[in-house]
Amino acid sequence: MRAIVVDEVRAQPQVRTVPTPDVPHNGVLVKVMATGLCRSDWHGWAGHDEIVFPHVPGHELAGVIAEVGPGVQRWTRGDRVTVPFVCGCGQCNWCSSGNAQICPNQQQPGFTHWGSFAEYVALHAADTNLVAIPESVEFATAASLGCRFATAFRAVSARAKVRAGEWLTVVGVGGVGLSAVMIANALGARVIAVDRNAEALRVAAQVGAEHVLRSGSTDIPAAVFDLTDGGAHVAVDAVGNEQACSDAILSLRRRGRHVQVGLLPPVEGHPRVPMARAIAWELDLLGSHGMATVDYPQMLDLIERGVLQPQRLIERTIGLEEAAELLPTFDRAAVAGMTMIEPTPSRSDGTN
Ligand SMILES: [Zn+2]
Ligand SMILES: [Zn+2]
């Protein structure tokens, strides 16, 4: 199969022909129809994850089952499917209680094994992890759910439990941040979007932000306090750096809820977080990590009804070659919205 291969940390990714993965026991082999390019792929490329090289990245995907491994009960060849980027083992107590997103033995395509920047990807524990794509939902839309959109959905609805009429600040409106803006708006919250990128803020306003604030020169907490008469009820750090996390937390009102979604790198051992404010104002600091398949039906229902339109966040669709060029610069890419990859050119034979 053709795939984007990274030979070592920070090596230039190359498109070449590699062996198609074996279909796992209890798993399936999926022909990839669409796969998102995400900042997490850049983190993997840059050496921030434990990855065995040579490696094929890619963790936000949708496609068609090409082969079914022994032990799989629920799925057959030809089914249209997607997966959350955190795939549970299907065996442990966390998985059986509907919390595969924190499974201690989790697999992540594109990190723990070869991912979806390829014509085929192997997926484990299919009966636990696969989600059927409704007929009315396109592959690219489904692929956009697996990481950023589903993560934002869980962060806003299940973790922060945002309610209609509440103020919510989203710091960083890349893919996950824009998703959070759209979802919070659909749930009736009033949204303030914060970013350095004016183009990203323009898109944020289109998908539901009532106010936008340009970070860099503005005192974000002060500006949010002005807009909200005393601070937001909920804040989301969708970036994952000290400034973004601090701006998000310090823009909360007393007893506000902060959700940390962006991966926050350590400073001298641990990340620095304004904990004094969290204590004095009784703030809730929440972590959020993906979303299990059992929580997909509620999200897919809102998508089928058009209440949520993740496809509006897809900015462009590219091929494997262009994606290989783009990956090393993706931390700096001033792209508003999501980048989608189609590993198989649609002109050629799109079936097996
Ligand atoms: Zn498990
Ligand atoms: Zn991702």
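In this predicted model, the zinc ion (ligand 1) is coordinated by the SG atoms of Cys89, Cys92, Cys95 and Cys103 at 2.3 to 2.4 Å. Donors are N, O and S atoms within 2.8 Å of the metal (3.2 Å for Na, K and Ca), and sites may look incomplete because water is not among the atoms. Along the chain these donors follow the spacing C-x2-C-x2-C-x7-C. Cys92 lies in the loop between strand E5 (80-82) and helix H2 (93-96), and Cys103 in the loop between H2 and strand E6 (120-123), so the pair ties together parts that are 11 residues apart in sequence. Helices (H or I, at least four residues) and strands (E, at least two) are DSSP runs, numbered from the N terminus. Both Cys92 and Cys103 are buried, where buried means under 20% relative accessible area, exposed over 50% and partly exposed in between (1.4 Å probe, protein chains only).

Cys38, in the loop between strand E3 (28-37) and helix H1 (39-45), and His59, in the loop between H1 and strand E4 (60-68), are 21 residues apart and link distant parts of the chain. Cys38 counts as buried because its relative accessibility is 3%; for His59, also buried, the relative accessible area is 0%.

| Ion | Donor angles | Geometry |
|---|---|---|
| zinc ion (ligand 1) | 102 to 116 degrees | tetrahedral |

Four donors count as tetrahedral if all angles lie between 85 and 135 degrees. The ideal angle for four tetrahedral donors is 109.5 degrees.

Since 12 of the 15 residues of H5 are buried, the helix is largely enclosed by the rest of the structure. The end C-alpha atoms of H5 (residues 145-159) are only 17 Å apart, short of the 21 Å that a straight helix would reach at 1.5 Å a residue; the expected span is 1.5 Å times one less than the number of residues. Ala155 lies in H5 and counts as buried because its relative accessibility is 1%. The C-alpha atoms of Ala155 and Gln260 are separated by 8.3 Å, although these residues are 105 apart along the chain. Just after H5, Lys161 takes a positive phi of about 50 degrees.

The structure holds one cavity of 30 Å³ or more. On a 1 Å grid over the protein atoms alone, a cavity is a set of points where a 1.4 Å probe fits but cannot get out, and a pocket is an open set with protein on both sides within 12 Å along at least five of seven lines; lining residues have an atom within 4 Å of a point. The largest cavity contains about 40 Å³ of space, and its lining includes Asp41, Trp45, Phe53 and His55. The second largest pocket contains about 160 Å³. Of its 14 lining residues, Asn26, Cys89, Gln91, His124 and Ala125 lie nearest its centre.

Residues are numbered from 1 along each chain as its sequence is written, and chains are lettered from A and ligands numbered from 1 in the order in which they are written. In this predicted model, local features need pLDDT of at least 70, side-chain atom pairs count only at pLDDT 80 or more, and totals for chains, interfaces and linings use all residues, while side-chain values use heavy atoms, with hydrogens and water left out.

Note on methods:
Grid points are joined across faces, edges and corners, and a volume is the space filled by probe spheres set on the points. Four donors count as tetrahedral if all angles lie between 85 and 135 degrees; four count as square planar and six as octahedral if opposite donors are over 155 degrees apart and all others between 65 and 115; anything else is irregular.
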